Amino acid sequence: GTGRAPRRAAPPTARWPARALLLLAPLLLQPHLGGTPHTAPRGPRGSAAAAAAAAAPGPKRLMYMIAMFDTRQAMYTVAALNAIADICASSLYNVTVVLHTSRELEQSDRRVLERALLCSEAPGGQVPLVIEVCSQCKYELTVEHRKYMRQHIDEADLFLYSEDDMVLTLSTLRAWERELDIIKRERPDDYRDIMPGFLRYENPVMCSNDHTIKSIASTVGYERVMWEYRSHELYAARLREGGERMIFTKNPHQALWLLSREQVLYLEDKCGFLTSTNRPKGFELTIRVWMSSAQLVRGCGMIRLVPLDRMELFLVHHAPDKNSWRQRAHRVTLDSFRSLVAAKFEANDALDFRRLQSLVASRALGRAKGRDKRGLITLEE
């Protein structure tokens, strides 16, 4: 009776809160909605979707790969997995463990490994564990993780490969990320050729004739010990004038490596990191050492540095605690090691960045004059 036109009901979307519309807008505007969505290409070069995922806020995706030939060192692998569970519990990382082994594991062995990865923050209460078996690989088992990375390059933001007896903690992982940010600030044009490194340590124990472990704290004290670094092979270095004090070691072995997805793709373009070992036939290092450490420095020309004043944050535990006893003639405590490098700074004997580059290039094999191409191992699909 008022003469007004009847009010039409507003469409459902008009009654939705503005925030809901903003959240749903990408779905409403997708041209392929109801059809087959476009799938980004996958492969060593990665995809735009993976790059966007890496830049998004939230937990980072960490692919933690371990080569375990058999179960003889499983007690040390379990120690590494316990540390991975702590990384998961921080809620800072979504971790997936990929275990490469040379034989099928017994169900009892699988249960032990799985229980070491219990994490209340993980979906299902456990860090996902992928077990890849290569019974014919023998020593080439240490190459298998590169093949796996090629197939799953878009599924992680950080990639970590380790031998089966190395323990890396959450604090070390966090320190590595912060150090990488420092390197990017100090060398914005060169940072992709520099990586934060690690130093291996062992606890002060000895192996007696009856194969039992005994403490040697009365000899070296309770401080952790190192055995792989000779004083004449230690270098003091700075990335820029007045920059932080860094350690460079001639021995590149650290039994593991940690790289961002950006670094992996860069190294694939630079030196075939995912597709070739770059290891000349007859080279003095084993394929195990080459794949876990040496290739990055000697094959790809990466400059591996550890900050002297935060050295303890970059220590990784060699869980068997046996090599420092075998190499006791070269055993030093952490404090002695620090003093050796600090003395080089006090003597103004620090390398600048260009001298570091020259030193690494002189040992890098990617462009070596006598490179034996017949010795290269190509990673097949």
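The model is a prediction, so local features need pLDDT of at least 70 and side-chain atom pairs count only at pLDDT 80 or more, while totals for chains, interfaces and linings use all residues. Residues are numbered from 1 along each chain as its sequence is written, and side-chain values use heavy atoms, with hydrogens and water left out.

Start with the cysteines. Searching the whole structure turns up three disulfides, a disulfide being a pair of cysteine sulfur atoms within 2.5 Å. With the bonded cysteines of the protein chain numbered in sequence order, the pairing reads 1-2, 3-4, 5-6.

One of these disulfides is formed by Cys-88 and Cys-119, with 2.1 Å between the sulfur atoms. It links distant parts of the chain: Cys-88 belongs to helix 3 (residues 74-89), Cys-119 sits in the loop between helix 4 (107-116) and strand 3 (129-133), and the two are 31 residues apart. Helices (H or I, at least four residues) and strands (E, at least two) are DSSP runs here, numbered from the N terminus. The torsion about the S-S bond of Cys-88 and Cys-119 is about -90 degrees, so this disulfide is left-handed. Cys-88 is buried at a relative accessible area of 5%, and Cys-119 is buried too, at 4%. Buried means under 20% relative accessible area, exposed means over 50%, and partly exposed is in between (1.4 Å probe, protein chains only).

Another disulfide joins Cys-134 to Cys-137, with an S to S distance of 1.8 Å. Its torsion about the S-S bond is about 75 degrees, so the link is right-handed. Cys-134 is buried, with a relative accessible area of 9%, and Cys-137 counts as buried at 9% as well.

That leaves Cys-271 and Cys-300, whose sulfur atoms are 2.0 Å apart in their disulfide. Cys-271 lies in helix 8 (residues 261-271) and Cys-300 in the loop between helix 9 (287-299) and strand 14 (303-307), so the pair ties together parts that are 29 residues apart in sequence. The link of Cys-271 and Cys-300 is right-handed, with 85 degrees about the S-S bond, and both cysteines are buried.

Now for the strands. Strand 13 (residues 256-260) is mostly covered, with five of its five residues buried. In a regular strand the side chains alternate between the two faces of the sheet. Both faces of strand 13 are covered: Leu-256, Leu-258 and Ser-260 are buried on one side, and Trp-257 and Leu-259 on the other. Strand 13 runs antiparallel to strand 4 (residues 158-163), and five bridges join the two; two strands pair if DSSP finds at least two bridges between them. Within this pairing, Leu-160 has Leu-258 of strand 13 as its bridge partner.

Strand 11 (residues 234-237) and strand 12 (residues 246-249) run antiparallel and are joined by four bridges, with Ala-236 opposite Ile-247 in strand 12.
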